[in-house]
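Open the model in your viewer and keep the selection tool ready. We will go from stop to stop.

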Amino acid sequence: MSTVLSKYLSVFFVSMVPLIELRGAIPIALGMDLPAIPSIVVCVIGNMLPVPIIYFFARNVLIWGKDKKYIGKIFTFFLEKGERAGQKLTKAAGRGGLFVALMLFVGIPVPGTGAWTGTLAASFLNMGFKSTVVSVSLGVLLAGIIMAVGSMGVMSVFGF
């Protein structure tokens with residue numbers, strides 16, 4: 001396997017990992033000297049791949065596991081995180097609506113606001129699947145652009 005392909009596969013899989021997601025994968029890709037545009041595309045696809053699974057199954061799995069002996073604490077943590085995110089989105093929705101609030105929630109790259117949390121929150125709010133996917137996709141794309149621009153700026157400051 002070529003070195004470039006293995007680098008793209010690495011950032012693809014990193015972008016699928018909860019809490020790291022595209023926000024960590026883009027700086028890694030740019031640090032590996034991969035071009036920005038293809039890196040954003042690969043990371044957006046990787047970050048979006050788990051979204052249908054999260055939307056349709058995560059909430060039920062977390063509810064099922066919250067009172068289990070070994071997994072209960074972590075499942076409860078993620079369940080409460082999704083509920084809090086849903087409340088935050090509902091409060092922020094105002095005139096712009098839930099679609100825009102979810103897109104911005106996912107798109108502003110701060111810890112805990114990525115595609116995983118946004119999709120879980122949308123499932124708690126019973127937001128439609130299509131609206132969720134489009135809103136989260138736009139948010140992930142926004143976050144990817146922000147992370148790429150920010151990473152390129154930070155790297156140039158340090159002479160990379």
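**Stop 1**

Select V11, L22, I26, L102, V136 and V140. In this predicted model, these residues touch the most other members of the largest nonpolar core, which has 32 residues. Now colour the helices that build this core. Helix 1 (3-14), helix 2 (21-31), helix 3 (36-48), helix 5, helix 6 (97-107), helix 7 (115-124) and helix 8 each supply at least two residues. Which helix gives the most to this core? Helix 3 does, with 6 residues.

Next, zoom in on V140. Leave out residues up to four places away in sequence, and V140 touches L22, V44, N47, M48, V106 and A115.

**Stop 2: another core**

Select L62, L79, L120 and F124. They are among the 6 residues of another core, which lies apart from the largest one.

**Stop 3: helix 4 and helix 5**

Show residues 51-65 as helix 4 and residues 72-93 as helix 5. Their axes come within 8 Å and cross at roughly 135°. That angle makes helix 4 oblique to helix 5. The crossing is left-handed.

Now show the side that meets. Helix 4 brings R59, V61, L62, I63, W64 and G65. Helix 5 brings G72, F75, F78 and L79. The residues of this contact divide into 7 nonpolar, 2 polar and 1 charged.

**Stop 4: T132**

Go to helix 8, residues 129-157, and pick T132. Is T132 buried or exposed? T132 counts as buried because its relative accessibility is 0%. Set aside neighbours within four places in sequence, and T132 is in contact with Y55, L102, T119, A122 and M127.

Note on methods. Residues are numbered from 1 along each chain as its sequence is written. This is a predicted model: local features need pLDDT of at least 70, side-chain atom pairs count only at pLDDT 80 or more; totals for chains, interfaces and linings use all residues. Side-chain values use heavy atoms; hydrogens and water are left out. Helices (H or I, at least four residues) and strands (E, at least two) are DSSP runs, numbered from the N terminus. Buried means under 20% relative accessible area, exposed over 50%, partly exposed in between (1.4 Å probe, protein chains only). Contact means heavy atoms within 4.5 Å. Axes are lines fitted to C-alpha atoms, for helices over the stretch in contact, and angles run from 0 to 180 degrees between N-to-C directions. Angles under 35 degrees count as roughly parallel, over 145 as roughly antiparallel, 65 to 115 as roughly perpendicular and the rest as oblique. A crossing is left-handed if the near helix is turned anticlockwise from the far one by less than a right angle, and right-handed if clockwise. Ala, Val, Leu, Ile, Met, Phe, Trp, Tyr, Cys and Pro count as nonpolar, Asp, Glu, Lys and Arg as charged, and the others, Gly among them, as polar. A nonpolar core is a set of buried Ala, Val, Leu, Ile, Met, Phe, Trp, Tyr and Cys residues joined through side-chain atoms within 4.5 Å.
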